[in-house]
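Here is a short note to read beside the model. Each point takes one part of the structure and says what can be seen there.

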Amino acid sequence: MPSSRALRRLLATTLPAALLLAPAVPAPAQVMTGWGLNSYGLPGGVDTPSAEMLPDGTISVGVSHSDYGRRITGAAQVTPRITAALRYSKVDGIDTARDQLSDRSADLRLQLWGEAAGWRPAVAVGLQDFLGTGVYSGEYIVATKNVTDRLQVSAGLGWGRLAGKHRGFNFGTIGGTLNAEDWFRGGAEPFGAISWAATDNLRLVAEYSADDYSLEVETGKDEPGSHLNLGVNWRFGEAYQLSAYTIGGEVFGAQFSFALNPNKAPFPSGLEPAPAPVRPRVAPAADPEGWSGTWAADPTAQPAIQTALADALGKEGQVLEGMVLDANRAEVRIDNRRYIQQAEAIGRTARLMTRALPPSVETFVITSMREGLPVHSVVLRRSDVERLENTEAGQIAAAAQIVDAAPRPAGLVATPGIYPKFRWSLAPYFSLGNWDPDESFRYEVGGRLQASYELSPGLVLSGSVRQRLTGNADQKAPSACPTPGGGFGGCTVAEYLALTPEENLASNMGVPRVRSDGRMYSGNTSPVLQDLTLNWYAKPSAAIYTRVTAGYLERMYGGVSAEVLWAPADRSLAVGAEVNRVKKRDYDGGFDFLDYEATTGHVSLYYDFGNGFLGQIDAGRYLAGDDGVSLRVKRQFANGWEIGAYATKTDLSAEEFGEGSFDKGITIDIPVSWAIGQPTRQTVGASLGQLARDGGQRVRVSGRLYETVRDGTADGIYHGWGRFWR
Amino acid sequence: MGEVLAVSASTTIERRAVRLTALLAAALGLAACGSQTGDDGGTLGGSLVQVARQAIGSAGGGGAGAPAEAPRSAEQMAATALQVNPGPLVLAGLESAGVTQVLALTGENGAMRTYMTPNMEGVILRRGLLIGTRGIGNDLSTAEIGTEGLIRSRSAGSGNRIMRIYGGDGRELPLPMTCTVATGAGQSFSFAGTAWNATQVAETCRIAGAEVQNSYLVTAGGEIPVSRQWAGPGLGYITLQTIRP
């Protein structure tokens, strides 16, 4: 392992120190950030954008409402200079097929450069509603300058909606494609805003906006009255923001939003107790037997040491699965069940080893276990642990090596009494449906019983059952019933079940319904078997991992899934392949199957770009028999936050795919420890996809290899290395 | 106390010395007089007095089991701890939280010592200089103290210091500071049954327009029995007194 790679990954955070101590002083070329959100949920005035970004990594959700419609916007600062947003909006009266137009839109904003001393303002370009049906479609280039500490001015040029030239709304389109041919076309109009920060948390803003809401006015809404919009934003409790605004003085609106910044943890270092300190070795003269290594010949030595170390590690939330011990070297295999950063678990283990092992043991090997798989091993010299305790984490990183863990090292002694291991939990669950044009908020609340039985390392029987208590996520059939006009429309469940397979297929342009009937699986009031599988993980050679999962894999499919992954410790690249033979499960959540079967398979490429950016490409066959490619990018913060986006394009045409044209979505994962300060590996996740369509769908097998072993890989370990001495 | 203040007023670094004296006064348990407030608005002495008063409830007595009756002053806390714990002890006050606790030695690695409370909140000291904290919530990972030589030799001068804190993003965040060290008057005092002769040393550090100040009482041998040290933007100041070296 080249140490430069280690150091590049962990040396210091990119947070400017100044932010912690003093109000940010705009340094040259620094990213300009702001907190005041416009009614589109992004930094700006009332309707107009500014060149500001959110603080890096921030995730913000805002709900704004006015007579012109309701917008729910989720925004993420994916890199310091790129803001991405997804919006779900309702506009009355535009969509003739429904009472309201319900539309998903996406925005991107790029800050080209930040504010500099003197006159140079920050400048950004942006695309508003660049996917989908284009009701808010517009582009802009905008400059923003802080004139004084409290006074800020923005000015820009807007196209499309921002120039007061809406691009209409074409019901015939299926959306989801880039309407790039419209971008920056159709004539530009200027816009501008002045904002004044009355206090650090109260902002008044006045803007000139060319948007005259003609689209909404055409459907009977009041005209804005003027192009002058006024607004006030009030921030409270760090995360929350309330704003009120008027569009042209005639129409009034309000917005509530909250923002989470992964870099601002309530307890940045966590509240877990201090680790046991290093115990340096005594001088050789004080313990000649310990230093000579003759103790290793005593058969009672290893069991005693292993028991003591297992107990001590157990108090740290680490399971000591096995140990190889000789006079000069000790390997411990730990399953970290407490700390979100594997490096923290390793640092604590190393310190406990200094307290438990005789002085002749100079080489410490700490192997990270995941699902019984020995992933990568951190190799440390004990003298370095003693010498570098409580110094900058980069120093011990430079002295450490990370190597592939040997699958079956000679002399490995399993810690007795670990297997078989039975675990269970009973907990409430809350599930929220995808955004849906007809019903934006579908939920279900109930109880979930989970259990797992680990027969031996890597061989696990696990399952979970859900019992719904309440909710409005009812069973609903897809729009598959023939209508008099020759199209297809809504069905009752009974009508849907009465369709022949041929009729059903015909209603979906010949594409098998592999996910679009997802809501048929909802609304069960009896217990539902979510999954029940036998998982077998193995590591046949130093860098190769395998998984076989059989049983009820997920709510909609059962079968067999087999996977192999090559993930060597000295590469940022991993390669995997997966094959699944699955059958569709019955809607009732029992043990029965429907008569759809599929064989799917993928070849996957994973790459760690450093700084927490991960990329993944999967190519292969999906559930509906379609072939294609998925692209997934993810940003992982060292504290465990993850923001990701994915897109899949297969050989289904946009028409065959249906609304949205291709499958895409974003995922968010927030570690519980970040919020509460107590150490736990639990995370809270959300996936915002679009409508469940049938193209580009994979089986949702849990425990896929890359995500399973990632924490224990060199990249995963280095990523959180800053907490080695925590 | 009046006498201590008079001494400090005669030094060349008057303001710092007054601060330091207030600290010393409080630290020595003179705070028991109760009404003492530091002349700069209680940043130091005043708050420490308050700490000493309020903290009683949480004063466990490092690794020693809390006595039934809560002690009422730093001196009393120290006395109780000395009775029940035979090892080295320090009294640490976290000003921002208004908590003072006795910490007992749990590890020694060269000159570096780790002291912990019974519920495993720890401070790491190198001969009295604060190197790190653990388990408090805004912990200091480590400190690289370029001014250490000046402080121990009680010499004026300047140097750099890097405080590394655990950032909210899960990494180590370095806070590089430039510091100047100034010295003040000598003091003789006793605390928890130990008599000390020490000199006031003040270290003023700047980062990003902000200024923090560490205050020490340093013996001729370079030991630091009493100090008030900045542990980072989240934790603020920690006051430290040696109960048993």
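**Notes on chains A and B**

1. In this predicted model, the centres of domain 2 of chain A and domain 3 of chain A, taken over C-alpha atoms, are 35 Å apart. The domain assignment places domain 2 at 274-417, while domain 3 is made of the pieces 421-456, 458-478 and 513-717. Domain 1 covers 32-257 and domain 4 covers 479-512.

2. How many residues of domain 2 of chain A are in contact with domain 3 of chain A? There are 22 on the domain 2 side, and they meet 27 residues of domain 3. On the domain 2 side, helix H6 (342-356) and strands S15 (363-370), S16 (373-381) and S17 (401-404) of chain A each give two or more residues. S16(A) gives the most, with five residues. By class, this side of domain 2 of chain A holds twelve nonpolar, five polar and five charged residues.

3. Some of these strands belong to an open sheet of six strands in chain A, with the order S17-S16-S15-S14-S13-S18 and mixed pairing. S17 and S18 (413-414) of chain A are the edge strands, each pairing on one side only. S18(A) runs antiparallel to S13 (residues 318-325) of chain A, and two bridges join them. Within S18(A), A:Ala414 is the residue opposite A:Gly322.

4. Helix H5 (residues 301-315) of chain A lies across S13, S14 (329-336) and S18 of chain A, and runs at about 155° to S13(A). H6(A) also packs on the sheet, where it touches S13, S14, S15 and S16 of chain A. The direction of H6(A) makes about 140° with that of S14(A).

5. Which residues of S10(A) form the covered face? They are A:Asn229, A:Gly231, A:Asn233 and A:Arg235. The uncovered face consists of A:Leu228, A:Leu230, A:Val232, A:Trp234 and A:Phe236.

6. S10(A) has antiparallel partners in S9 and S11 of chain A. Seven bridges join S10(A) to S9 (residues 202-208) of chain A, and A:Asn229 in S10(A) has A:Glu207 opposite. Seven bridges also join S10(A) to S11 (residues 240-247) of chain A, where A:Tyr245 is the bridge partner of A:Gly231. S10(A) and S11(A) form a hairpin with three residues between them. In the turn, A:Gly237 has a positive phi of about 55°.

7. The contact between the chains takes 42 residues from chain A and 36 residues from chain B. On the chain A side, helix H2 (residues 18-21) of chain A supplies the largest share, three residues. This side of chain A has 23 nonpolar, eleven polar and eight charged residues.

8. Chain B has an open sheet of twelve strands with antiparallel pairing, in the order S5-S4-S3-S2-S1-S12-S11-S10-S9-S8-S7-S6. Its edge strands are S5 (129-134) and S6 (140-145) of chain B, each of which pairs on one side only. On average, neighbouring strands of this sheet are turned by 30° against each other, direction ignored. In chain B, S7 (residues 157-166) and S8 (residues 172-191) pair in the antiparallel sense over ten bridges. One example is B:Met163, whose bridge partner in S8(B) is B:Leu175.

Conventions. Residues are numbered from 1 along each chain as its sequence is written. Chains are lettered from A and ligands numbered from 1 in the order in which they are written. This is a predicted model: local features need pLDDT of at least 70, side-chain atom pairs count only at pLDDT 80 or more; totals for chains, interfaces and linings use all residues. Domain bounds come from an automatic or database domain assignment. Two residues are in contact if their C-beta atoms, placed from the backbone, lie within 7 Å. Helices (H or I, at least four residues) and strands (E, at least two) are DSSP runs, numbered from the N terminus. Ala, Val, Leu, Ile, Met, Phe, Trp, Tyr, Cys and Pro count as nonpolar, Asp, Glu, Lys and Arg as charged, and the others, Gly among them, as polar. Two strands pair if DSSP finds at least two bridges between them. Axes are lines fitted to C-alpha atoms, for helices over the stretch in contact, and angles run from 0 to 180 degrees between N-to-C directions. A residue is buried if 20 or more other C-beta atoms lie within 10 Å of its own, exposed if 12 or fewer, and partly exposed in between; C-beta atoms are placed from the backbone.
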